[in-house]
Structure formats: C-alpha cells, structure tokens
Amino acid sequence: MADPASAARTLLRLNTAYFQSKVLQSAVELGLFALLAEEPATAETVLDRLDVRARPGVDFLDALVGLGLLERTDGRYSNRPEAAVFLVPGAPGYLGGSIAQHARRHYRSWASLTDVLRNEPAAAGSPPATAGGDPAKVQLDFHKDFENLDNVRRLMGHMDAFNTFVAHELGRCVDWSRHRTFLDVGGARGNVAAHLVRAHGHLRGGVFDLPAVRPLFDEHMAALGTASQVGFTAGDFFTDPLPESDVVILGHVLHDWPPAAREQLLARVFTAVRPGGSVVVYDAMLNDERDDAVALLQSLNCSIMRDGGSEYTVAECRGYAERAGFRFESAERVESLTGDLVLIASKPS
C-alpha cells in the first residue's frame, strides 16, 4: 500500500459520511435556508430565530459554510446559489421535501441494514424484510402510508423532488407526436403529467393513484394551470381496472415490488395500452456489470424501505415487458437525480 494514511482517511470519511447528511437534514428541518432567503443574518440572529443553542449552533452554521451550502461575509450568513435554488421552499427545483423525508424515515430505516441483510426482524419503526417479498404486505404498507393527509403531502414532496428532473427527460426521449393520451400509473399528484402536457400541447394525460392523493392532485393541477388537461382516476393498480390510453408510464413504481408483482402489473398495463401504443418504465436500473454504486445503493434502499423491493437490470425489465406481450424498443440512461434509465416497449398494432 503506497499511502496507508490516505487509504485510512478515505475509509474514515466513508464511515462518517452521515455527519454531512444529518447537518443538511437538520438545516432543512429547522428552516434555516428559508430564513436566510429573507436576508443575510448574523449567527446570533439565526440561532435566536431558530431556537438553537449557541455552542453547537455556531459549529453547525460554519460546517454548512465548509460544505458549500452557506456563505459567511462580515459575520453574516447567507445561502449559496445552490442552496437558494434547491433548498428554499417554493423554489422550482426544491429538494427539501425529499431531504426531510429521508430525515424522518430513510435515515432511521437504514440503521436496520444489518438486520435486513440477515433477514431478521428490522429495528423498531422500520419495515421488516423477507427473502422473497410479500406483495400483499407491501400493498398494506402503501395503504398505511396514505392514511394521513399530512404524511401524503410530505410523501408527494419527496416524490416530486425526483420526478421533476425525469419529467424533462421524458419529454425528450419519448416520441410523443405518435400519441394523444397517456396515463401515469402511481403518478402521485401529477407532477410529471403536468410537465408533459405543458411541453406537448396536443397531449391529454391521466394519473392513476390511491384515493388519498386526489385532494393534493387537484391542488397541484390548479396551481400549475393544468387541471383541464390532466385527469385523475382513484384506485389500486393491482385490483382496479386501468383506464385505456396510448401510453402508460410506470415511474419509480416497479422497484417497490418483488418480481412476480412487477410482471402482474405489466400484464395489467398491457391490457390498458391501446394497440400501437407504448409502456414507458423508468427507474434507477442496474447495469449488467453491477458496478454502479449509486444504483446499487438505491437498490438497497428499496430493499430496506419495501419488503421485496429492489432495482433490476435492463434485461430483467425487458423480460417483464416482453412476457406481458410488449415489443422492446429502446432503453436510455437519462439525466436525473438517481441516474434513471427509461425503457420503452410497444404494443403490436
């Protein structure tokens, strides 16, 4: 080993990477970036308004300076441009909803990784894991997540942080001139659908999701001015019929379910797609070499958060689609937060 000290430091940084995560998450939870969006402020002002103790608070603020999220000039703190764009509520690229969701749920659930790997009961407050995944149990977990409107609102913010970036790519890599209608299955409050109808004026879209999402969908469509172009159908995509459409989108959906459930869902989608139409699937799919750490960590996240969940390879996704009756057309890596891959398959005319 040429430089053992450097190697040891690398391991130590990896071991304590969560320090940085928690500083960012706490800053979002405390409303720090929203406060500094009003005007630059001294440490005393910031700590007083956020009700933070002085001794750890100053280190906290200066750590955020060191991480490149804040600036400190003449004793006053302000948001750096990256923080202003992505961490201030109301900003078009706001990621705080996802960051807060990771603080509330994902961070605690990841503490059970060793138990998940050993297939033992997960730590308190975390979902248990089973070897093959139980679709009925995962379905129950989803319904529990949607019982409380405030929880649903937080979940929608988390989803939108990711799908906003994918939406722009879908507008580019799918030939929408061939189609007139689409259905976003598990499309949440319609963020992707709204982008598509605004980018392609001839399109009319639909969202299929659980009934609890409807009020937030109506609210979001009204805010974006797309209520007349995107409709909502309430239901469970494993038990209720899917509306017929030229294109059906499955975005960040299949990775929540075990393989048998994925095949079942694509079979239902095949019935809903009109002849000559397409299914569009996007997820952080794994490469065949299985050496993409970002995608593999995302796959682990799916396993921890949902019983039987995981990412999957392009070849596996192609197999799901072809066994449902679709004909594979293309697969393309797109510019998104999780390096998603978009797979398109068509239904014979």
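# Notebook: a walk through a predicted model

**Entry 1. The annotated stretch.** I began with residues 153-327, where the chain is 45% helix and 20% strand and the end C-alpha atoms are 37 Å apart. The range itself comes from UniProt, where an unreviewed entry lists residues 153-327 as "domain: O-methyltransferase C-terminal".

**Entry 2. Helix α15.** Next I looked up helix α15, which covers residues 314-324. Which of its residues are buried? I found C317, G319, Y320, A321 and A324. Just after α15 comes G325, with a positive phi of about 115°.

Entry 3. I moved on to α11 (191-199). Seven of its nine residues are buried, so α11 is largely enclosed by the rest of the structure. My list of the buried ones reads N191, V192, A193, A194, H195, L196 and V197. The loop between β4 (181-185) and α11 holds A188. Is A188 buried or exposed? A188 is buried, with a relative accessible area of 1%.

**Entry 4. Another positive phi.** I noted H252 too, which is not a glycine but has a positive phi of about 55°. H252 sits in the loop between β7 (245-251) and α13.

**Entry 5. The three-stranded sheet.** Here I traced an open sheet with the strand order β1-β3-β2 and antiparallel pairing. Why is one side of β1 and of β2 left without a neighbour in the sheet? Because β1 (41-42) and β2 (70-73) stand at the edges, each with a single partner strand. I then followed β2 into β3 (residues 76-79): the two pair in the antiparallel sense over four bridges. In that pairing I located E71, which stands opposite S78 in β3. The connection is a hairpin with two residues between the strands, and D74 in the turn has a positive phi of about 50°.

**Entry 6. Salt bridges.** How many salt bridges does a search of the whole structure find? It finds 13.

- D62 and R72 meet through their side chains at 2.8 Å, N to O. D62 lies in helix α5 (residues 54-66) and R72 in strand β2, so the pair ties together parts that are ten residues apart in sequence. D62 is partly exposed at 29% relative accessible area, and R72 is partly exposed at 46%.
- E82 and R80 form a salt bridge at 3.8 Å, N to O. The cut-off for a salt bridge is 4 Å. E82 is partly exposed at 42% relative accessibility, and R80 is partly exposed at 28%. I also found that E71, R80 and E82 are linked in a network of salt bridges, and E71 is the residue I had placed opposite S78.
- D246 and R274 meet at 2.9 Å, N to O. This pair links distant parts of the chain, with D246 in strand β7 and R274 in strand β8, 28 residues apart. D246 is buried, with a relative accessible area of 15%, whereas R274 is partly exposed at 27%.

**Entry 7. S109 and N301.** I checked a pair that is 192 residues apart along the chain: the C-alpha atoms of S109 and N301 are separated by 8.9 Å. S109 belongs to helix α7 (residues 96-110), and N301 to helix α14 (residues 293-305). S109 counts as buried at 1% relative accessibility, and N301 counts as buried at 10%. What is N301 in contact with, leaving aside its neighbours within four places in sequence? The contacts are H106 and W110.

**Entry 8. A nonpolar patch.** Y18, F19 and Y107 make a nonpolar patch of about 310 Å². F19 lies in helix α2 (residues 17-30) and counts as partly exposed, at 48% relative accessibility.

Technical notes
Residues numbered from 1 in each chain as written. Predicted model: local features only at pLDDT ≥ 70, side-chain atom pairs only at ≥ 80, totals over all residues. Heavy atoms only, no water. Patch = residues over 30% accessible without salt bridge, like charges linked within 9 Å, V, L, I, M, F, W, Y side chains within 5 Å. Areas by Shrake-Rupley, 256 points an atom, 1.4 Å probe, with all protein chains shown as cover. Buried < 20%, exposed > 50% of the residue type's maximum accessible area, 1.4 Å probe, protein only. Contact = heavy atoms within 4.5 Å. UniProt positions renumbered as here; feature names shortened; annotations may be inferred. Pairing = 2+ DSSP bridges.
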